[in-house]
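The following note sets out some remarks on the nonpolar core and the pockets of the model under review. Please read them alongside the sequence and coordinates.

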Amino acid sequence: MGERQRGPRERMVFSAAQLIRRDGVKATGMREVAAHAGAPRGSLQHYFPGGKEQLVGEAVGWAGRYAGKRIGRFVEGLAEPLPSALFAAMVAQWTDEYERDGFAAGCPVAAATVDCASLGDSTREAVAAAFTTWRTPLAEALARMGVPADRAAALATLMISTLEGAILLARAEQDVRPLTTVVRELGPLLDAAVTRPA
């Protein structure tokens with residue numbers, strides 16, 4: 001959402017995403033979201049008449065769009081347009097956060113996925129859509145780097161799955177080693193998929 005000032009509704013969606021990534025969906029209450037966003041509690045009902053499920057769906061959607069937009073920024077910052085470099089940039093975002101702030105927070109989309117079984121279909125659909133919103137620009141970036149389109153989609157799924165798993169391990173172990181390991185081990189496989197110059 002950049003540096004511009006967020007309105008009350010945007011603040012609540014952003015706050016919900018931040019609380020979900022730290023505490024999970026079940027432990028994130030509407031009152032906590034309002035307090036985190038600095039919004040009156042009554043405004044939740046106004047902006048989210050569908051209650052917590054609507055708010056969670058919108059927070060997960062925001063997180064998927066954020067991750068998707070980050071792909072373009074990562075690609076712009078690459079010294080060399082290689083799939084391994086893109087994956088390393090994706091992982092570095094988490095490594096840097098964990099080294100700077102500790103291991104308290106994970107991915108809000110993954111957190112909502114864990115809680116999907118006890119939530120409604122709309123939350124599961126929002127989670128699936130968020131992953132697609134993230135995976136699509138990643139596959140497109142890989143294709144521009146010279147990975148065949150059919151393989152690019154599969155590798156985008158592999159990259160996101162690997163990153164999410166490494167985030168879970170890093171949080172459990174309170175160590176960035178799982179993140180650095182996946183960069184080292186997956187990088188050569190990703191680059192081997194390139195069949196033409198970028």
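1. A pocket is here an open set of grid points with protein on both sides within 12 Å along at least five of seven lines, and its volume is the space filled by probe spheres set on the points. The model is predicted. On these terms, the largest pocket has a volume of about 350 Å³.

2. The lining of the largest pocket comprises 22 residues; Arg-21, Tyr-66, Gln-93, Trp-94 and Pro-108 lie nearest its centre. Two or more lining residues come from each of α1, α4, α5, α6 and α8. The most are given by α4, with 7 residues. By class, the lining has 15 nonpolar, 3 polar and 4 charged residues.

3. The second largest pocket holds about 210 Å³ of space. It is lined by 15 residues, with Cys-107, Ala-110, Ala-111, Val-114 and Leu-168 the closest to its centre. Both α6 and α8 supply at least two residues of this lining, and α6 gives the most, with 5 residues. The classes here are 8 nonpolar, 3 polar and 4 charged residues.

4. The largest nonpolar core contains 63 residues, and those with the most contacts inside it are Leu-86, Met-90, Leu-142, Met-159, Leu-163 and Leu-179. Elements giving two or more residues to this core include α1 (8-23), α4 (51-76), α5 (83-101) and α8 (149-173). The most come from α7, with 10 residues.

5. Which residues does Met-90 contact, leaving aside its neighbours within four places in sequence? They are Ile-71, Phe-74, Trp-134, Leu-138, Met-159 and Leu-163.

Methods
Residues numbered from 1 in each chain as written. Predicted model: local features only at pLDDT ≥ 70, side-chain atom pairs only at ≥ 80, totals over all residues. Heavy atoms only, no water. Core = buried A, V, L, I, M, F, W, Y, C linked by side-chain atoms within 4.5 Å. Buried < 20%, exposed > 50% of the residue type's maximum accessible area, 1.4 Å probe, protein only. Helix = DSSP H or I, 4+ residues; strand = E, 2+ residues; numbered from the N terminus. Contact = heavy atoms within 4.5 Å. 1 Å grid on protein atoms, 1.4 Å probe; cavity = no way out; pocket = protein on both sides within 12 Å on 5 of 7 lines; lining within 4 Å. Nonpolar A, V, L, I, M, F, W, Y, C, P; charged D, E, K, R; others polar.
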